[in-house]
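Reader: Hi, could you walk me through this model? I'd like to ask a few quick questions as we go.

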Amino acid sequence: MKISKFQNFYSFCFPFRSTFSMSSLEEPLGLDTLPSLSTIDRLHGFSSNGCRPRGEVIGMGNCWIEGRDCSTSNSCEDDFEEYGRESFTWRKQMKDASQCDIPNCRTSSPGRNHALYGTGCASQYLSNHLCNSYCTAKDARDIKNKFFKGIPKYVKIVEVGPRDGLQNEKNIVPTSVKVELIHRLVSSGLSVVEATSFVSPKWVPQLADAKDVIEAVRNLEDARLPVLTPNLKGFEAAVAAGAKEVAIFASASESFSKSNINCSIEESLSRYRAVTHAARKLSIPVRGYVSCVIGCPVEGLIPPSKVAHVAKELHEMGCSEISLGDTIGVGTPGTVLLMLEAVMAVVPVEKLAVHFHDTYGQSLPNILVSLQLGISAVDSSVAGLGGCPYAKGASGNVATEDVVYMLNGLGIKTDVDLGKLLQAGEFISKHLGRSSGSKTAVALSRVTADASKI
């Protein structure tokens with residue numbers, strides 16, 4: 001049977017497994033085998049001999065080199081050094097690599113597109129170099145420090161599905177379904193769930209039942225349930241309904257501000273000063289949003305200085321946290337980095353959160369860059385629900401399931417039960433009559449479906 005690269009890598013990382021069985025289609029990971037950084041820690045326990053391939057077990061974990069003719073003694077070593085210069089600086093080991101313990105080691109076959117093992121064609125150098133680089137505790141720490149330095153140990157996820165996720169749905173979602181969704185999200189371990197918005201039903205008819213929703217969930221324990229309030233009138237209505245936390249939203253784009261809340265940026269900030277002043281008197285926390293932090297559907301690219309100005313104003317008027325939203329999802333790690341650097345110069349990083357829409361599939365990379373800069377709060381929406389009704393082309397928010405899956409893989413604590421979260425996403429997706437927008441949910445549903453056939 002042909003051995004795949006994935007199988008070889010599995011055998012390389014987990015040589016203590018006596019057998020490895022796969023179906024004709026390689027099985028995706030299930031909930032019980034989510035990848036994490038702890039895998040790197042496991043590798044340091046193996047000696048270089050343990051890491052060497054055995055027999056025909058060759059491939060990804062043991063220096064798979066494609067498209068190279070290794071007829072000369074130094075060609076592979078040169079190629080490896082060139083690769084190292086391009087991507088990573090590989091440390092030279094303090095001691096010479098141990099001698100190969102496999103008799104008559106040689107390349108598996110001459111010519112191109114073949115795998116190397118043993119000592120032939122400098123493969124001893126390659127094997128030992130890779131094994132030593134990956135299989136020592138020091139280098140495991142070096143890898144973590146290089147790529148994950150500054151990443152928080154815990155990330156707070158702010159679930160915005162019930163509000164931001166549902167507000168753009170054309171068909172009215174029953175109040176009972178919204179309430180059930182909030183209950184399910186809270187039971188999954190999410191500590192902050194944005195419940196609804198006290199806006200004019202004329203502009204957002206989907207949220208006309210805001211009062212009923214908040215009255216039904218306001219006594220939920222172990223969760224904060226902020227609601228969006230566009231002005232003082234909305235704030236007063238929210239407080240009367242029992243809201244204990246509110247949120248306000250400004251824009252870094254003048255054009256978007258006028259189309260979204262029918263006023264200029266400065267006019268909106270003036271409104272919000274009145275809201276934060278009233279909230280302070282009642283000891284009600286206020287969260288601030290800044291939309292269009294990367295781009296605007298009308299103005300195009302937004303200068304980071306404009307984002308920093310609005311974020312600073314919200315911070316100075318008393319917002320406990322400021323969420324920076326890429327409303328139309330055009331950001332990339334490069335543009336997000338520049339924006340965050342500008343904002344972090346005027347607002348403490350511990351007061352910031354990020355909010356990405358996944359229009360171009362850049363949300364997870366953008367979140368990772370944000371974490372590397374010290375951001376520890378991330379907005380997301382169950383099943384990837386969402387899309388701003390006033391931003392043409394804006395697709396849904398990044399899916400909470402995908403964020404949790406990634407954070408689990410990084411070894412970052414969230415206190416969220418992914419299984420229960422998936423059930424909440426399945427619940428609302430079924431009601432809306434469409435598949436989940438979460439790639440993690442889709443992939444794991446296939447695992448379940450395949451298992452049921454066995």
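This is a predicted model: local features need pLDDT of at least 70, side-chain atom pairs count only at pLDDT 80 or more; totals for chains, interfaces and linings use all residues.

Reader: Thanks! How many helices and strands does the chain come to?

Author: The chain comes to 18 helices and 11 strands. Helices (H or I, at least four residues) and strands (E, at least two) are DSSP runs, numbered from the N terminus.

Reader: And what percentage of the residues counts as buried?

Author: Of the 454 residues, 49% count as buried. Buried means under 20% relative accessible area, exposed over 50%, and partly exposed in between, with a 1.4 Å probe and protein chains only.

Reader: What about contacts between residues at least 6 apart in sequence?

Author: Of those contacts, 75% join residues at least 24 apart. Contact means heavy atoms within 4.5 Å.

Reader: Now the sheet. What is the strand order?

Author: Nine strands form an open sheet in the order 2-1-11-10-9-6-5-4-3, with parallel pairing. Two strands pair if DSSP finds at least two bridges between them.

Reader: Which strands stand at the edges?

Author: Strand 2 (192–193) and strand 3 (196–197) do; each has a single partner strand, so one side of each is left without a neighbour in the sheet.

Reader: Let's look at strand 5. What does it pair with?

Author: Strand 5 (residues 246–251) pairs with strand 6 (residues 286–291) in the parallel sense over six bridges, and Ile248 stands opposite Gly288 there. Strand 4 (residues 227–228) also pairs with strand 5 in the parallel sense, over two bridges, with Val227 opposite Val246.

Reader: Which way do the side chains of strand 5 point?

Author: Val246, Ile248 and Ala250 point one way, and Ala247, Phe249 and Ser251 the other way. Six of the six residues of strand 5 are buried. In a regular strand the side chains alternate between the two faces of the sheet.

Reader: Which helix lies across strand 5 and strand 6?

Author: That is helix 12 (residues 265–281), which runs at about 165° to strand 5. Axes are lines fitted to C-alpha atoms, for helices over the stretch in contact, and angles run from 0 to 180 degrees between N-to-C directions.

Reader: And strand 10, is it buried or exposed?

Author: Five of the five residues of strand 10 (residues 352–356) are buried, so strand 10 is largely enclosed by the rest of the structure. Leu352, Val354 and Phe356 point one way from strand 10, with Ala353 and His355 pointing the other way. Five bridges join strand 10 to strand 9 (residues 321–326), and the two run parallel. Ile322 stands opposite Leu352.

Reader: Switching to helices: how do helix 14 and helix 15 cross?

Author: The axes of helix 14 (residues 333–344) and helix 15 (residues 363–372) come within 9 Å and cross at roughly 35°. Pro333, Val336, Leu337 and Leu340 of helix 14 make the contact with Pro365, Asn366, Val369 and Ser370 of helix 15.

Reader: What about helix 16?

Author: Eight of the 10 residues of helix 16 are buried, so helix 16 is largely enclosed by the rest of the structure. The buried residues include Glu401, Asp402 and Met406. Just after helix 16, Gly411 takes a positive phi of about 75°.

Reader: How many disulfides are there?

Author: The structure holds zero disulfides, a disulfide being a pair of cysteine sulfur atoms within 2.5 Å. The sulfur of Cys296 is 4.8 Å from the closest cysteine sulfur, in Cys292, too far for a bond. Cys292 is buried at 0% relative accessibility, and Cys296 is buried at 5%.

Reader: Last one: where is Asn262 found?

Author: Asn262 is in the loop between helix 11 (254–261) and helix 12. Although not a glycine, Asn262 has a positive phi of about 60°, and Asn262 is exposed, with a relative accessible area of 65%. Most residues other than glycine have a negative phi.

Note on methods:
Residues are numbered from 1 along each chain as its sequence is written. Side-chain values use heavy atoms; hydrogens and water are left out.
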